[in-house]
Amino acid sequence: MKKNSIFLLLAIFFGACQEEVFLDLDQKKARIPVIEGHWTDQKAYNEVKISLSKNYFDSLDQELIRDADVFVKELSTGRKITFQYSTSTRSYRPNPSELAIEGETYQLNVSWKDQVFQSEGLMLKPPIVDSVVWNYEEERLFRKKGYYLKVYGKIPFPNNNYYRIRVIENDIPYNKPEDYLLFDDAFGLRVFEQGLELGYAFKKNARVRLELYRLNKDVFDYLSQLVGLLFNDGGLFSPPPQNPESNIRVVKGDTQVLGFFAVYPVLSRTITIPSN
Amino acid sequence: MSFHKSLLFILLFIIGYPAFSQEKAVFRGQVMDAGNLQGLVGTNVYWEGQVQQGTLTDVDGNFLLPAITLPAKIILSYLGYEKSTRTIQVRDLEKVQRFYLKAVDFSLEEVLIQEKRGDEQVKNLELGKSTLSMETLQSLPALFGEVDLLRSLQLLPGVKSAGEGTTGLFVRGGSSDQNLIQVDGAPVYNASHFFGIFSVFNPDGIKKVDLYKGNMPASFGSRASSLIDVILREGEKDRIQGEGGIGTISSRMTLQGPLLGDKHSFLISGRRTYADLFLKLSSNPDLNNNQLNFYDLNGKAAFTLTEKDKLSLSSYQGSDYLGLDGQFGLGWKNWVSAVNWNRVNSDSSFFDLQSYHSRYSYQVKFDNEENGFDWTNSLSESGIKASWTRVLSSTTTLVWGAHGQVYHFAPTYLKPSVNNPINRRQTQGVQGVLGNAFVGLTREFTDKLSGELGLRQGIYAQLGEGKVYKYNGNAPNPDQDPSDSLFYERSQLMQRYQGLEPRIAFRYLLRPEFSLKLAYNRNFQYVQIASNSSAGLPIDRWVLASQYIRPIQSDQVSLGLFHNFNENRWEFSVEGYYKNLQDVIDLRNGARILLSDEVETELLSGRGWAYGAEFLLRKNRGKTTGWLAYTWSRAWRQIDGISRDKPYNPRFDRPHDISLVLNHKFSSSWSAGLTFVYSTGQAVSFPVGSYVVDNQPVSLYSDFRNEDRFPDYHRLDATVTWENTDQGKKWKGSWNFGVYNIYGRKNPFSYDFRVLYNNELNFNPSDGKVFSTRPGVVMTYLFAFLPSLTYNFQF
């Protein structure tokens, strides 16, 4: 695979070898709450997951917090939207009729034991997605041969341009570190108008769902730092590993908090690559 | 203290010595090797019966000796050469006299490994200075058989490496960008090949290297931690000669000889790797269509213009290239040139003028119509330095001069290909000028006490054209857009800094073979790398001091005890130091700086400090030579925004560090070398737990940076050399066989904390069915038992 050429080349030249080792890691005794909140204009996405951190070598499932008080407050009106724990989704869910409204700022409130956590996010206007097209491409450098999707649309905003695209193929989300498709306007947004090609080679009959989120900057930064951490191999060329900077703050209690609260509009398209 | 007051202080210091006004007759000479006509540095020169009032020759073999009643006999002695005695007449004072010393056949008992007088380390004023000769360098076991200057310096006390196999240096707690690496006076901005595995210096082109770990003379400056002063070789003047080597990964060739007669000379030396040639033999298309190579080319032409004037032109060019499939390429280049003019004005006065230009550039290119790009950047430094040396008396020498530097950090360009819809990006260029005036006085107060007082005053200015962004509260913040911006016209002053850099050193001779030395040094550094990785990358961004980035200030105090014994066969030294660093920078979490004009929003700044003790036991003569060095040291940083604002150790902090270097000459043909290194493991952060967010298993880290350690590092290397010593043959060859990491120690290069699927290290869940997942730790290590073979030749 050409994608790995550079690594293969360097590994051969430098005689790099790998093996699994077991390190006696100094583990944090206190478990830290991990909060992941999504508040969108689509009911299926709206949920708050709360769990606890664990020891590194602990291979058991994450420990969930099921007894927290969770609500989202619409700051302009003071209206509270309560979330209830759902055993089926293993997360806190609001009433399905409750959705984020463009232009509103929302505040997440989580109370658990004697700890209180808060975070805010602004519901931004979504961009415009005109079409999604596919095209067959032969093998290229860094690209396998296959069907490639291009997303065409328009982003008419002068600021707050922070986006994420998620790809779901045949109901299975692409969820590896390299699957974080994050972009902002640092290189302009013409690419979106002229067709943003996604770096996946799909096969015939693939049913692909694309989701586009417009994020607040703090969440975009969190996800960017998360990707950086997931790719951090601990080597000399990597920066010292650091936890992504959460946009959730501890209002009460002597603890840390991990995770993020994201308020964003969702645009989605589903297409199927034809068999001929 | 203002600059004027400082100069007045110096003046008063000088005037305090009546010797200043006394012009004494001086005898001038130059000592050369009769074999290769190269100047002999460190030759002991004295009048018969006055050995204590003698002097040493400089790097070109020149010396000055206060005249006595003539005629008188002058004696020149240099270890490994026949002693020379000549009667000097009064008329000989009129011009420079040349002396040619003949090398004695090395006996097995007297093998010389360094170019200096036996008791020099006790007698001189130097603290924290090490000199490596090429003989020493070439006798050390080397990675891939490639003799490497910077990696060899890592064997000296107080010098740490970034990690396994890399050439980055961390000197007495300073970062790698705090070292000034210069070739014949010209700085080299990226001194490494292959991402730091090799340094850019072809050993065949080097005469010697001096490492100043803190106590620099006032004539040097602009870096906070060290000076690595590389002097290139001059060609021989008698006949054309060549030498070279064929190694495991590269070959090299040097030609030298007279130029336009016997007064001038040239030397040209080249080296190229051929890893990519082997790659083409591979049947794997992922390998055989790729390129991975570097080359070096350096040359020096030396002209003896008159008896008083010497001019040399030096140039180095080096390049790296990594290419994939003919479409993607990453390359970087150094091009460094220097002109040096040395003039002997009178019996007691010398003048040196130096000018240089150093340019570093890189390019990342992806050749594709749809989404290709061309990303380029370059930076340069030009400078001119003039220094005057005046020998005021047999005990007092004054050096003064000025050094002007111009920095030009060109814009970074990102040019998309024709059909690539991303915007073209261009950062703004940055310019700066730095003017330095320096003065240094060296004096022997008594037979036992000598001292050096130096002052260096730097005035730095960042100049337009350029834009400076303004931020609310004057606090750059990546989460807030600038509140305003100011545009400066071309050459308009944007920011100015100035700093006085005192340099003080004293030596007290407790006994003839035992001395105590004390030194204090201050340095300012106006350029630095904005990076938080431990090893340098070709695309690292250098930043100049500006309104938001203050120059680094380094203050170092050091104290040393130096002792020679057994007729200078053995040297022992202990040096302690404390260094304080102000305004060092680091990056915020997730900083993006490579294509940003608002770099200041991504930077954090703070302070650092380091302290340690360095022990060195060295044997310079005999069948067996080498040294044993032990360093105990600590390095700290405290930067708001990192490690909860608490002090932390940078990755290169390694409290214990041992180097053992041994060379043994079995016969005139056979010799062997061995090095053993041990150090505390690197300071790193290991996970203190894990969690799941956004469906990703994520390692949890402490807020406090680098509280964990890699396992201790140790390694043993060995080399055996056989050389043809048949003096009658024009072609002389030698074979060198070496093994790096002879007992195959698996020293970790990295620990990767990741999920292992199906109990396999590199199973990708998209490539097959997943039966099991669990957290794991994967160690990557390099160079376990790496043999090499090199053939060297001379003709």
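Predicted model: local features only at pLDDT ≥ 70, side-chain atom pairs only at ≥ 80, totals over all residues.
Where they touch, four residues of domain 1 meet five residues of domain 2. On the domain 1 side of that contact, the four residues are nonpolar, with no polar and no charged ones.

Now turn to chain B. Here the contact draws 59 residues from chain A and 62 residues from chain B. Which elements of chain A give two or more residues to the side that touches chain B? They are the helices α1 (5-14), α2 (190-193) and α3 (217-231), along with the strands β1 (17-21), β2 (33-40) and β18 (258-264). Of these, α3(A) gives the most, with eight residues. As for what the chain A side is made of, sort it by class and you find 26 nonpolar, 21 polar and 12 charged residues.

One of those elements is worth a look on screen: β1(A), at residues 17-21. This strand pairs with β49 of chain B, residues 773-781, and the two run in the antiparallel sense over five bridges. To find your bearings there, pick out A:Cys17 and look across to its bridge partner in β49(B), which is B:Tyr781.

Note on methods. Residues numbered from 1 in each chain as written. Chains lettered and ligands numbered in written order. Contact = placed C-beta atoms within 7 Å. Helix = DSSP H or I, 4+ residues; strand = E, 2+ residues; numbered from the N terminus. Nonpolar A, V, L, I, M, F, W, Y, C, P; charged D, E, K, R; others polar. Pairing = 2+ DSSP bridges.
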